[in-house]
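Please look over the model below before reading the notes on its sheet and one of its helices.

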Amino acid sequence: MKTRSNEEIIVLILSIICMLGLFPFAILRFVRGDFLVAAIDAGGFIAASSVFIYVYRTAKTVFAGQLLASLALSGMVVNVFVLGPADLYFLYPVIIATFFLASSRLALGFTLVSLFAVSIALIQFVNLFEFTKLFLSLLACILFAYVFANQRNKQRDELIKLSSEDPLTGAGNRRALFKRIEHLISSHKRTGEPMSVILLDLDNFKDVNDQLGHIAGDTVLKRVVTATAARIRATDDLYRYGGDEFIVLAMSSTEHKARKLADDIRELVALELSGFAESITVSIGVAQFVQDETAKQWLERADRAMYDAKRAGKNSVSVQAQG
């Protein structure tokens with residue numbers, strides 16, 4: 001069974017809530033002869049159903065969430081214009097839901113525009129005192145929701161960063177690496193686009209830790225990441241694979257292109273560490289992905305290539321062919 005993201009689950013659940021909330025009102029209002037509002041509710045039901053089907057099939061949530069939020073807010077505004085304050089109280093949960101469906105800033109914009117649109121309708125139905133109370137309560141709801149959503153998003157982003165980034169070097173961590181590799185292998189089955197693994201292992205790194213201490217060793221690791229990140233392309237990804245091992249996932253790269261990239265990285269690392277730890281170099285293994293290969297097999301070939309580079313005298317690059 002497919003595992004769905006939190007964003008998908010939120011949009012799907014809120015779509016269902018919209019459908020369940022709108023359908024009975026559409027029927028009731030149609031029976032009572034409120035055809036205009038019944039048509040609005042029916043349109044909202046159809047829109048929510050369409051969003052549900054779209055997200056369920058495609059797993060794309062950004063546009064779908066924004067669309068659902070804007071339609072729900074628009075529907076509430078129209079209802080207030082037609083029915084007056086009677087339906088206003090449904091606007092409060094819609095405001096809160098908007099901050100789950102869209103980014104904090106976009107949701108703030110949506111809800112403030114809706115507030116001022118509703119205000120135009122309210123001023124026609126209630127006195128100034130009642131209008132002020134309703135306006136301020138809606139504004140407070142919007143601002144509280146914004147602050148909460150903004151803080152929640154910051155915490156979420158921090159957790160995502162902690163779960164996917166190596167805290168010392170800033171490179172991706174092992175968990176993020178394997179997640180990315182599985183995604184790339186799945187995509188490769190559809191596109192056939194070449195891709196290669198570049199596995200870097202530091203030469204003589206233990207000597208730095210033993211002679212200069214672990215702080216110096218940490219500095220070496222950071223500098224290796226700095227040099228490597230400066231050379232790879234925006235489409236490539238850099239990960240810390242182990243203690244002093246790093247992996248570059250080189251997109252759209254045959255083993256020939258990947259080897260050239262690996263050589264450049266090797267030279268840049270030596271330059272970055274010159275004068276600090278001149279004995280530190282990198283041995284690099286390269287392996288282009290082979291159709292129907294598993295992630296483990298792919299990485300094992302890169303690992304064998306790296307050890308070939310070690311045996312060849314270190315500070316070199318070796319390519320591992322299939323087999």
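In strand 4, Thr-281 is the bridge partner of Asp-203. Strand 1 (residues 195–203) and strand 4 (residues 281–288) run antiparallel and are joined by eight bridges. This is a predicted model, in which local features need pLDDT of at least 70, side-chain atom pairs count only at pLDDT 80 or more, and totals for chains, interfaces and linings use all residues. Residues are numbered from 1 along each chain as its sequence is written, and side-chain values use heavy atoms, with hydrogens and water left out.

**Sheet**
- Five strands make an open sheet of mixed pairing, in the order 2-3-1-4-5; strands (E, at least two residues) and helices (H or I, at least four) are DSSP runs numbered from the N terminus, and two strands pair if DSSP finds at least two bridges between them.
- Strand 2 (237–240) and strand 5 (317–319) are at the edges with a single partner strand each, so one side of each has no neighbour in the sheet.
- Helix 11 (residues 295–311) packs on the sheet and touches strand 1, strand 3 (245–251), strand 4 and strand 5, where contact means heavy atoms within 4.5 Å.

**Helix 6**
- The end C-alpha atoms of helix 6 (residues 128–164) are 53 Å apart, which agrees with the 54 Å that its 37 residues should span at 1.5 Å a residue; the expected span is 1.5 Å times one less than the number of residues.
- Its buried residues (under 20% relative accessible area, 1.4 Å probe, protein chains only) include Phe-131, Leu-138 and Asn-153.
- The buried residues of helix 6 pack against helix 4 (91–101) and helix 5 (104–122).

Key
Axes are lines fitted to C-alpha atoms, for helices over the stretch in contact, and angles run from 0 to 180 degrees between N-to-C directions. Buried means under 20% relative accessible area, exposed over 50%, partly exposed in between (1.4 Å probe, protein chains only).
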